[in-house]
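Hi there,

Here is the structure I promised to pass on. Have a look at it first, and my notes follow below.

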Amino acid sequence: MFDVLGPAVIESSPWRARPNCSPLMTPSHRKRICLLGATGSIGESTLQVVADFPDRFEIVGLSAHTSAATLARLADELKPAAVCLSGSETPPGEAGGSASAWFSGEEGLAKLVEACEPDIVVVAIVGAAGLTPTLRALELGLPVALANKEVLVTAGALVMDLARRRGVQILPIDSEHNAIFQCLAGHADDPVRRVILTASGGPFRGRTRAELAGVTVAEALDHPTWQMGPKITIDSATLMNKGFEVIEGHHLFGLDVDRFEVVIHPESAVHSMVEFVDGSILAHLGVTNMYLPIAHVLAYPERLENSRFDALDFTRVASLTFEDYDREVFPCLGYAYEAARRGGTWPAALNAANEIAVERFLAGEIQFSGIPELIDAVLQAHDGVAHPGLDEIRRADAEAREKARENARSLGLSRK
Ligand code: NDP
Ligand code: MG
């Protein structure tokens with residue numbers, strides 16, 4: 001594996017300084033939501049929250065990538081001001097439904113964010129494709145409810161710096177970060193010793209390296225506790241998802257990467273924990289459904305009455321167990337720590353290589369064990385830039401994708 005350099009540090013963040021700072025909402029004003037990635041798993045849960053609280057929220061913008069028919073149905077139903085079909089270069093036509101403005105292509109996402117005049121932008125797009133519209137929302141001074149972790153992995157320093165300069169919040173939807181955000185509320189000035197990120201362990205917890213080599217796509221998609229889109233489900237099976245979450249937390253909360261520890265917690269009831277320097281630990285618990293963190297960030301700083309889910313029944317959970325993860329079997333988590341310590345363009349290259357590796361695994365072109373192999377090869381070849389601007393990040397992303405595609409071709413050929 002590529003070797004260790006010094007730590008990546010940012011120990012201050014608008015989060016910790018102003019945990020209770022409020023994005024707008026008065027009872028007389030329905031919060032206007034622009035939902036990017038409306039047709040995915042997080043998109044669907046967001047629409048559920050909006051449907052449950054019609055007096056509080058309205059959808060004013062929607063995007064899908066290729067699911068044109070679903071986008072058209074949603075547009076007819078919800079009558080947003082604008083829609084975007086980002087995977088098409090031609091206007092969505094019928095997919096525009098009854099929206100008054102419609103856009104297409106990747107650049108259409110940033111136009112959508114501006115045109116629909118939202119109060120908040122939910123970024124539920126998968127992958128680094130979420131970066132441009134997130135930056136646009138922040139430039140416009142709009143708070144962002146962020147599910148997409150690849151945005152912070154790819155360009156966390158730039159994104160957080162822009163949010164700070166524009167004085168807007170990034171509200172975390174990812175359940176662990178939403179949990180940490182809640183644990184830190186009211187503790188802005190308390191020194192944190194460590195953050196403990198919990199991981200279910202995915203479908204392959206307890207397997208050996210040899211047992212993992214030939215697992216099928218269907219087995220890797222069979223997550224034990226969370227229902228999610230295919231890409232993050234594979235990331236959970238390799239534990240790359242947890243590595244991304246370390247980087248995401250580092251940027252969101254302004255804490256050094258090495259303050260984040262990962263522990264396997266198969267019941268997924270504790271969503272994460274924060275330990276302060278005096279040894280006190282605050283944990284966040286709840287049912288395993290993304291509806292909860294989404295409702296939390298949309299209503300923030302208020303709380304909505306939850307009548308959709310039964311309370312967490314501790315007698316049914318029976319026990320909460322915690323265990324270490326196997327570093328040999330799941331090398332992706334180590335790669336993420338290492339890329340984060342190096343900083344600069346390394347995490348962008350890590351993310352890009354992972355996006356291609358997962359895509360090729362899902363397409364049946366490489367084996368499960370080929371995912372870390374391919375990422376390692378790309379990072380070994382990466383010529384990192386220490387303090388990159390956006391152009392350098394985009395270049396690192398493109399080069400890592402190209403290198404990953406080449407490697408995937410030779411890995412695929414070596415299987416035949
Ligand atoms: P899904 O695959 O279910 O949905 C992805 C959404 O993004 C779809 O609306 C899809 O449109 C759209 N999309 C896909 N590719 C592109 C692209 N290149 N450009 C623009 N839009 C695109 O993913 P999830 O909802 O599971 O995850 C979304 C994000 O949230 C990910 O970053 C994930 O890591 C994060 N997250 C997800 C959690 C979950 O429980 N699902 C939990 C925590 C974080 P179309 O349908 O047309 O393809
Ligand atoms: Mg998570």
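This is a predicted model: local features need pLDDT of at least 70, side-chain atom pairs count only at pLDDT 80 or more; totals for chains, interfaces and linings use all residues.

Helices (H or I, at least four residues) and strands (E, at least two) are DSSP runs, numbered from the N terminus.

Residues are numbered from 1 along each chain as its sequence is written, chains are lettered from A and ligands numbered from 1 in the order in which they are written, and side-chain values use heavy atoms, with hydrogens and water left out.

How confident is the predictor? pLDDT is its confidence in each residue, from 0 to 100. The protein averages a pLDDT of 91, and 90% of the residues score at least 70. Residues 1-26 are below 50, though in the model this stretch has 86 contacts (heavy atoms within 4.5 Å) beyond near neighbours in sequence.

Now to helix α3, residues 68-78. Its buried residues are L71, A72, L74 and A75. These sit on the same side of α3, because they cover an arc of only 165 degrees around the axis, the arc being that of the directions from the helix axis to the C-beta atoms. What do they pack against? The buried residues of α3 pack against α2 (41-52), β2 (57-64) and β3 (82-85). Over on the other side of α3, A69 and E77 are exposed. After α3 comes K79, with a positive phi near 50 degrees.

Next, the charged pairs. Side chains of opposite charge can pair when their charged atoms come close. A salt bridge here is a side-chain nitrogen of Lys or Arg within 4 Å of a carboxyl oxygen of Asp or Glu, and the structure holds 28 of them. Some worth looking up:

- E58 pairs with R30, the closest N and O atoms being 3.5 Å apart. E58 is in strand β2 and R30 in the loop between α1 (14-17) and β1 (31-36), so this pair ties together parts that are 28 residues apart in sequence. E58 is partly exposed at 24% relative accessible area, and R30 is partly exposed at 35%.
- R165 and D161 meet at 3.1 Å, N to O. Both are in helix α6 (residues 150-166), 4 residues apart, or about one helical turn. R165 is exposed at 58% relative accessibility, while D161 is partly exposed at 32%.
- R209 and E328 form a salt bridge with their closest N and O atoms 3.7 Å apart. R209 lies in helix α8 (residues 209-213) and E328 in the loop between α13 and α14, so the pair ties together parts 119 residues apart in sequence. R209 is exposed at 51%, and E328 is exposed at 55%.
- K149, D174, E176, K242 and E245 are linked in a network of salt bridges.

Finally, have a look at L320, in the loop between α13 (314-317) and α14 (331-342). L320 is partly exposed, at 34% relative accessibility. Together with L285, F314 and F322, L320 forms a nonpolar patch on the surface, with about 350 Å² of accessible area in total. Accessible areas come from the Shrake-Rupley method with a 1.4 Å probe, and for residues only the protein chains shown count as cover. Patches are made of residues with over 30% relative accessible area and no salt bridge, where like charges are joined within 9 Å and nonpolar side chains (Val, Leu, Ile, Met, Phe, Trp, Tyr) within 5 Å.

Cheers

Note on methods:
pLDDT is the predictor's confidence in each residue, from 0 to 100. Buried means under 20% relative accessible area, exposed over 50%, partly exposed in between (1.4 Å probe, protein chains only).
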